[in-house]
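Please read the notes below with the structure open beside you, and check each point against the model as you go.

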Amino acid sequence: MRQILQYDAFLRGLTVIFCSSLQLLVLIHIQHIHFIHTFILLFLTMMIIMCRKGTLLANNALALIAALLLALGEMAGSFEMLIIGRFIIGMDSGVSLSVLPMYLGEISPRHLRGSIGQVHSIFICLGVFIGQVLGLPEIFGQESRWNFLFGFLALPALLQLCVLPFLPESPRFLLMERRDEAGAERAFQAFLGRSDVSRELEEVHAEGRAQITQRTASVLELVRKRSLRWQLITVIVVMSCYQLCGLNAIWYYTNGIFLDAGFQPTLIPYITLSTGGIETLAAVVSGLVIEKVGRRPLLIFGFSAMAVFFSLLTVFLQYQDRFSWMPYLSFTSILLLIASFCSGPGGIPFVLTGELFEQSYRPAAFMIAGTINWLSNFAVGLLFPFIQEALQTFAFLLFVVVCVCGAVFLLVVLPETKNKTFVEISQSFCKINGVSDQTLEREVKDALDTNGLRSAEVEMESCF
């Protein structure tokens, strides 16, 4: 019964994840404006003061404003409204991709942290699929109806504004940054479905005492901190590979690839639906197995499989004019590429960013991760057409190199993080960072002994 109640955190978070992830639909499927996400550094710094839930709530205002500007731009005969709307929806998406994974990681029991983090990815994939469906010619995929597709963005924002106020704030944020123990206790009780949350509170207290700084650290402080050096390098590499692995090149130029593969133009919108469907299915499977298999194996498998299928796609595209059945192999390779990406690299990087850093450094880590993410995305969208023009079908071999390098780096550097506390994850990086973990262990032990709790008891009883 107790485990059933703990799964209440998962169910409570579904609505929040659904609404915030669908807000990314316009950015992922309709929009391709990514460079402005670097502006999120200043915006997120201001918004983080409002707490996790408050930031997500305020972010809906951006979605509503953008939806109005984009939907009414044609009626007003103003292309400036479209440009501004695209700019604002980019800000909204950048904030959602930073704050939402942070919130989910902080409210999740450690044995469900990966699964709940992957639900975020699942609903992003679902948003892509819904965008593909709504973009069919029979629905909104016509010049006279595209403004309705933009207006659809307001629906999940309105739904979140109605639901999110009734959900608790992050208990870790309340306890470690606001020093609101009563509020944190109520939040733990709401998420876990039980009244006795003393062990969860004590574990968060112990983590707080083990931190060198009790205030939210800046980006510069994070970069300078030696004991977090390889965590930061890992997040930068994973986020870079997340975008540079080539999946966005597939998404941006799917229609062109299918045309080159010999498919009829009238069939391409319907064929594209299969890519969104397989992406969602792979993300669901990944969410179901992540707590059994682990983050590290899924990431390494995903990047390795992508390298294999990019290599096969290159061969199939090279010989597609010689055999009538070769385009179908190209199409199959694209589906398997998407499935490989969503099996691990598609969602786990955001889970890792929340797991590798302690509370005070987490906002700065998400700022850096978000900036690397969108700059890499922008680079692929900007440069791939020129690379493809120069290298033709061999352009995808560049992504093979990126995927192989990413898999090797993760194999050598990344420890497994599943079912570990944030303190234990920090300890696993002590050796590679060149610092001793004895001090951290002693501080945590002293903090637990102060309240008469043994480490083993907290390990057994606490789920955070």
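With which residue does E106 form a salt bridge? The points below begin with the answer and then move on to rings, cysteines and the protein as a whole.

1. E106 forms a salt bridge with R52, and the closest N and O atoms of the two are 2.8 Å apart. The term is used here for a side-chain nitrogen of Lys or Arg within 4 Å of a carboxyl oxygen of Asp or Glu. Before going further, please note that this is a predicted model, in which local features need pLDDT of at least 70 and side-chain atom pairs count only at pLDDT 80 or more, while totals for chains, interfaces and linings use all residues. Residues are numbered from 1 along each chain as its sequence is written, and side-chain values use heavy atoms, with hydrogens and water left out.

2. The structure holds eight salt bridges. In the one described above, E106 lies in helix α6 (residues 79–107) and R52 in helix α5 (residues 52–76), so the pair ties together parts that are 54 residues apart in sequence. Helices (H or I, at least four residues) and strands (E, at least two) are DSSP runs, numbered from the N terminus. E106 counts as buried at 0% relative accessibility, and R52 is also buried, with a relative accessible area of 0%; buried means under 20% relative accessible area, exposed over 50%, and partly exposed in between, with a 1.4 Å probe and protein chains only.

3. S170 is buried, with a relative accessible area of 0%. If its neighbours within four places in sequence are left aside, S170 is in contact (heavy atoms within 4.5 Å) with R52, Y103, E106 and I107, and R52 and E106 are the two partners of the salt bridge in point 1.

4. A second salt bridge joins E355 and R113, with the closest N and O atoms 2.8 Å apart. E355 lies in helix α20 (residues 348–355) and R113 in helix α7 (residues 113–134), so this pair ties together parts that are 242 residues apart in sequence. E355 is buried at 1% relative accessibility, and R113 is buried with a relative accessible area of 4%. Salt bridges that share partners also join R52, E106, E177 and R362 into one network.

5. Which two arginines lie over the ring of F422? R113 lies over the face of F422, at 4.7 Å from the ring centre, and the charged end of R362 sits over the ring of F422 as well, 4.4 Å from its centre. A charge sits over a ring if NZ of Lys or CZ of Arg is within 6 Å of the ring centre and within 35 degrees of the ring normal.

6. The structure holds 10 aromatic pairs. Rings of Phe, Tyr and Trp (its six-membered ring) pair if their centres lie within 6.5 Å, and planes under 30 degrees apart count as stacked, over 60 as edge-to-face and the rest as tilted. The rings of W146 and F150 have their centres 5.2 Å apart and their planes at 80°, so the pair is edge-to-face. Both residues lie in helix α8 (residues 146–151), four residues apart, which is about one turn of the helix. W146 is partly exposed, with a relative accessible area of 22%, whereas F150 counts as buried at 11%.

7. The rings of Y242 and F341 have their centres 5.5 Å apart and their planes at 35°, so the pair is tilted. Y242 lies in helix α14 (residues 229–244) and F341 in helix α19 (residues 326–342), so the pair ties together parts that are 99 residues apart in sequence. Both Y242 and F341 are buried. Elsewhere, ring pairs link F310, F384, F396 and F399 into a cluster.

8. The structure holds zero disulfides, a disulfide being a pair of cysteine sulfur atoms within 2.5 Å. The sulfur of C125 is 4.0 Å from the closest cysteine sulfur, in C342, which is too far for a bond.

9. For the whole protein, the secondary structure comes to 26 helices and zero strands. Buried residues make up 56% of its 464 residues.
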